[in-house]
Structures are given as C-alpha cells and as structure tokens.
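This report is intended to be read beside the sequence and the three-dimensional structure. Please keep both in view.

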Amino acid sequence: MQTTHSLLMIRPTRFSFNQDTAGNNSFQRPPGIAEDVQAKALEEFDGYVAALREQGVRVLVHEDGAAPHTPDSIFPNNCWSSHADGTLVLYPMQGRNRRLERFKGVLAHLHEQYEVARTLDLTPLEHKEMFLEGTGSMVLDRQQRICYAGYSSRTHHQALVQWGEQLGYELCAFHARDRQGVPIYHTNVMMSVGSQLALACLLALDDGGERAALRQRLESSGKQLLPLTWAQLESFAGNMLEVHNSAGEPLLVMSRSAWRSLNAEQRRLIERHVQPLPVNIDTIERIGGGSARCMLAEIYLPERQPRLELSQ
C-alpha cells in the first residue's frame with residue numbers, strides 16, 4: 001500500500017535553528033531577535049496534530065527530551081523508516097547532532113508497540129562519510145517499489161544502492177539543484193509521490209536526459225504528474241505527503257505556504273484525486289528548513305497483538 005493512516009510525530013522541547021545542517025539547507029532562516037521560536041513551534045505542532053486527528057488519521061506523539069539538544073527532532077522521517085514486511089531501517093545522518101535523535105526513546109517505543117521482523121542498520125556508513133537520510137533523501141513509490149532520489153551531500157550513491165538491494169526497490173536517481181545551482185539537500189523538497197498523483201519540480205533537473213527519464217518513470221508508473229515552478233518549490237510545494245484516514249479516504253498533507261503557492265488549476269487537479277489538508281507551520285518551515293512531509297514518520301509496521309493470559 002502506498003499510504004498509511006498511522007503517523008509518528010515528535011513534539012519539540014528545544015526547537016531552534018540548527019547550525020549543523022544550515023550549511024547545505026538553503027531553506028533554513030535564522031530567527032529574529034527575541035523571537036520565541038519554541039513557543040511558536042509548539043503552537044504550530046499542536047495545531048498540525050489536531051488537524052490530522054480531526055480528519056481521522058492516527059497520530060502517535062512522542063515528547064522530545066530536553067537533553068541532549070537535538071533541534072531537528074521535529075523531523076523524524078530522516079532517521080528511520082518502516083515497511084510493511086516488518087523491516088525497520090536506520091539511516092546514516094550527516095548532521096552530527098541529528099545522530100543523537102536515535103537515542104531519545106523513539107526506536108524503543110516502536111519495538112514495544114510494533115512487530116519488527118528485522119532491522120537494517122546503515123548507520124555504520126557514517127564512518128565512511130556516506131549518508132542517506134531516510135525518506136528525506138528518498139521519495140518512495142511503495143506500490144511499484146520505485147525509489148526516487150536526488151544526489152546531494154546527504155544522499156550518497158553507494159548508500160542508496162545498498163538500500164535498494166536490501167529492500168528490493170528499483171532506483172531512479174538524478175541530480176537536482178535549486179535555481180542558484182546548489183544541490184537540493186533532500187529529494188522530498190522537490191517532489192512527492194502519492195497513489196495516483198505525483199508533484200515534481202522538473203526544472204531542478206538541469207540534465208535534459210535525467211529530466212526526461214524522471215518524467216517518463218513517473219508517468220509510466222501510472223501517476224499523473226503535476227509540474228511545480230521554482231517559486232512553488234521554494235514554498236515547499238514539493239514537500240507533501242499523501243496519507244489516508246480510518247475510512248480509507250486519501251488526504252494530501254501540506255503546509256499552508258505550499259497550498260497558497262499553487263494556482264487554481266493545480267488545486268483543482270489535486271482535489272480530483274485527494275482531499276488537500278493545509279496546515280500552518282510557518283515558523284517551523286522558516287527556522288527548520290523542512291515542511292509538512294518532513295514532520296511525519298510513516299508507520300507501516302504491524303502492531304503487536306496483546307498476549308493472551310493462560311488460565312491456571
């Protein structure tokens with residue numbers, strides 16, 4: 001199944017501008033003087049969770065711990081991913097303070113609540129300076145088992161190949177750059193793949209052959225393609241995620257800045273396929289350099305069944 005109705009989100013304790021990641025994330029902006037970033041982030045986070053739950057999406061909220069300080073805990077989809085066969089993958093992270101997120105209780109919680117059949121631990125690749133930051137680095141078509149990935153300092157070829165071989169995915173890899181010519185740090189900033197609809201900023205692929213190959217692969221997989229402009233990419237319109245609610249109805253989650261960047265025809269196209277769900281995360285986007293999709297870790301693992309007590 002391409003989508004899930006179970007998501008995990010991390011409620012921030014010390015959300016702030018992350019110097020460790022700012023060097024190659026051009027979307028991050030430092031806060032203003034005396035700006036209460038944590039308070040604003042909490043308000044936006046709680047509103048986001050409420051909006052999802054009101055639509056019938058199951059959201060597990062994990063409270064972040066104050067120590068060690070991990071300013072990007074709010075973006076949990078980079079450290080791990082889960083899969084319907086019971087596989088849990090742990091990823092090699094470029095940002096050193098992001099590696100600390102693994103030790104703050106989330107993984108233990110997953111093992112307690114869900115059946116983990118195997119763990120694929122790619123974190124030793126960090127010692128070789130080879131990185132692959134989860135479903136930030138990769139945009140997955142789980143139905144067709146296609147992995148879309150744009151190379152960057154956070155998405156290395158060897159790590160990507162190793163992941164694809166272990167999970168049995170076809171790789172569609174390319175080079176994506178912003179309009180200043182800088183590699184886009186995460187693939188999920190420039191494209192999103194749902195059950196029937198894909199959004200992508202093809203302008204980011206300056207190699208004509210790679211651009212044509214990406215378009216062809218998306219369309220041949222049965223997706224209707226919605227091309228994005230530079231301005232829409234910069235408004236996080238590529239950072240959307242399709243989920244479904246308890247009734248099986250599809251929702252496309254995005255930030256309100258992403259939704260506002262779309263024109264009327266694009267909005268109508270989305271509404272023909274899914275119900276759009278825009279949320280206000282203006283502060284989180286600006287300070288963290290990530291958006292609506294980055295804040296959602298999809299749970300595909302089977303739930304643990306309660307053990308039956310044998311009568312004496």
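This is a predicted model: local features need pLDDT of at least 70, side-chain atom pairs count only at pLDDT 80 or more; totals for chains, interfaces and linings use all residues.

## Backbone geometry

Most peptide bonds are trans, and most residues other than glycine have a negative phi.

The peptide bond between Ala 67 and Pro 68 is cis, with an omega of about -5 degrees. Pro 68 lies in the loop that runs between strand S2 (58-63) and strand S3 (80-82).

Arg 145 and Phe 236 are the other two sites. Arg 145, although not a glycine, has a positive phi of about 55 degrees; its position is in the loop between strand S6 (138-141) and strand S7 (146-151). Phe 236 is not a glycine either, and its phi is positive at about 70 degrees. The loop holding Phe 236 is the one between helix H8 (230-234) and strand S12 (241-244).

The solvent accessibility of each was also computed. Arg 145 counts as partly exposed because its relative accessibility is 36%, which falls between the cut-offs of 20% and 50%. Phe 236 has a relative accessible area of 5%, under the 20% limit, and is therefore buried.

## A buried glutamate

Glu 285 belongs to helix H11 (residues 282-288). Which side chain of opposite charge is nearest to Glu 285, and how far away is it? The side chain is that of Arg 256, at 7.4 Å. A salt bridge requires a side-chain nitrogen of Lys or Arg within 4 Å of a carboxyl oxygen, so the buried Glu 285 has no salt bridge.

The side chain of Glu 285 does have a polar contact: a distance of 2.6 Å is found between it and the side chain of Ser 291.

## A glycine in helix H7

Gly 208 is placed in helix H7 (residues 208-220). Is Gly 208 buried or partly exposed? Its relative accessible area is 39%, so Gly 208 is partly exposed.

Gly 208 and His 111 are 97 residues apart along the chain, and 44 Å separates their C-alpha atoms.

## The largest pocket

The volume of the largest pocket is about 210 Å³. Its lining comprises 13 residues, of which Met 1, His 83, Ala 84, Arg 142 and Tyr 300 are the closest to the centre.

Sorted by class, five residues of this lining are nonpolar, five are polar and three are charged.

Notes
Residues are numbered from 1 along each chain as its sequence is written. Side-chain values use heavy atoms; hydrogens and water are left out. Helices (H or I, at least four residues) and strands (E, at least two) are DSSP runs, numbered from the N terminus. Buried means under 20% relative accessible area, exposed over 50%, partly exposed in between (1.4 Å probe, protein chains only). Lys and Arg count as positive and Asp and Glu as negative; His and the chain ends are not counted. A polar contact is a pair of N or O atoms within 3.5 Å; within protein, one must be able to donate a hydrogen and the other to accept it, and residues adjacent in sequence count only if both atoms are side-chain atoms. On a 1 Å grid over the protein atoms alone, a cavity is a set of points where a 1.4 Å probe fits but cannot get out, and a pocket is an open set with protein on both sides within 12 Å along at least five of seven lines; lining residues have an atom within 4 Å of a point. Grid points are joined across faces, edges and corners, and a volume is the space filled by probe spheres set on the points. Ala, Val, Leu, Ile, Met, Phe, Trp, Tyr, Cys and Pro count as nonpolar, Asp, Glu, Lys and Arg as charged, and the others, Gly among them, as polar.
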